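Please consult the sequence and the model shown below while reading.

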Amino acid sequence: MVRGTFANIRIRNEMLPGVEGGMSKYLPDGTVASIYDVAHRYQQNGTPLVVFGGREYGMGSSRDWAAKGTRLLGIKAVIAESFERIHRSNLVGMGVLPLTFQEGTSRKTLGLDGSETISLVGLEAITPRMTVLMKIMRQSGEIEQVELLCRIDTLDEVAYYRHGGILPYVLRGMTDTD
C-alpha cells in the first residue's frame, strides 16, 4: 500500500514539469524515479521529508491510508495553502505535522523548486494553531524565513503529535502504571 501513496495519475509533482503520477526527483543526483523509491533513498540517508501542496490538500485522500502512507514514506510535515478537514486530522493522527502558509504566501510566491533545505523552528513546545518559523536555505546559500500556521488545532491533537501519532499515544496510555 505504501508504494501506492502519491501514485494517483492526477498528481503533478512540480519538480518534474510535464510529468503526471507518482514520480519524483532525488536531488543529490537528479535521478527520476517513483515517489516510493525516491523517498526510500532519502530515508536510507536519514533525510526527513516535507511535502508542499496547494489548496484543499488531501481532497479525495481522507481515508486513513493516505496519511499512513505519507508517514511511512518518511514525510514529517505537509505545508499547504489549506487542508481538507478529515485528511488534516488523519495526518495529525499519524504524527505528520500539518502547516499552512499565511494568507498571500504559497510555494509559488516563494519560488520553491524542491532544491531548498527546509528547517522548522519552534516545534519544541507545540500549542494549537501556533506560529512556526520555516527557514528556507536555497542552493545559493541565501536563507529566507517564513511564518507558518500550525494546523494542530486542539490540545488532544498536540498530545497525539507529541507521541508520534494516535496509536503510540493510546499504547503508551495503556502501559502507564501511574
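Y26 is buried, at 6% relative accessibility; buried means under 20% relative accessible area, exposed over 50% and partly exposed in between (1.4 Å probe, protein chains only). The model is predicted: local features need pLDDT of at least 70, side-chain atom pairs count only at pLDDT 80 or more, and totals for chains, interfaces and linings use all residues. Residues are numbered from 1 along each chain as its sequence is written, and side-chain values use heavy atoms, leaving out hydrogens and water.

**Aromatic pairs**

- The structure holds 4 aromatic pairs (ring centres of Phe, Tyr or Trp, its six-membered ring, within 6.5 Å; planes under 30 degrees apart are stacked, over 60 edge-to-face, the rest tilted).
- One of them is the tilted pair of Y26 and Y42, with 4.7 Å centre to centre and 50° between the planes.
- This pair links distant parts of the chain, 16 residues apart: Y26 is in strand β1 (residues 23-26) and Y42 in helix α1 (residues 35-44); helices (H or I, at least four residues) and strands (E, at least two) are DSSP runs, numbered from the N terminus.
- Y42 is buried as well, with a relative accessible area of 13%.
- Y57 and F83 form an edge-to-face pair, because their ring centres are 5.8 Å apart and their planes at 80°.

**Surface**

- M174 lies in helix α5 (residues 166-175).
- M174 is exposed, with a relative accessible area of 64%.
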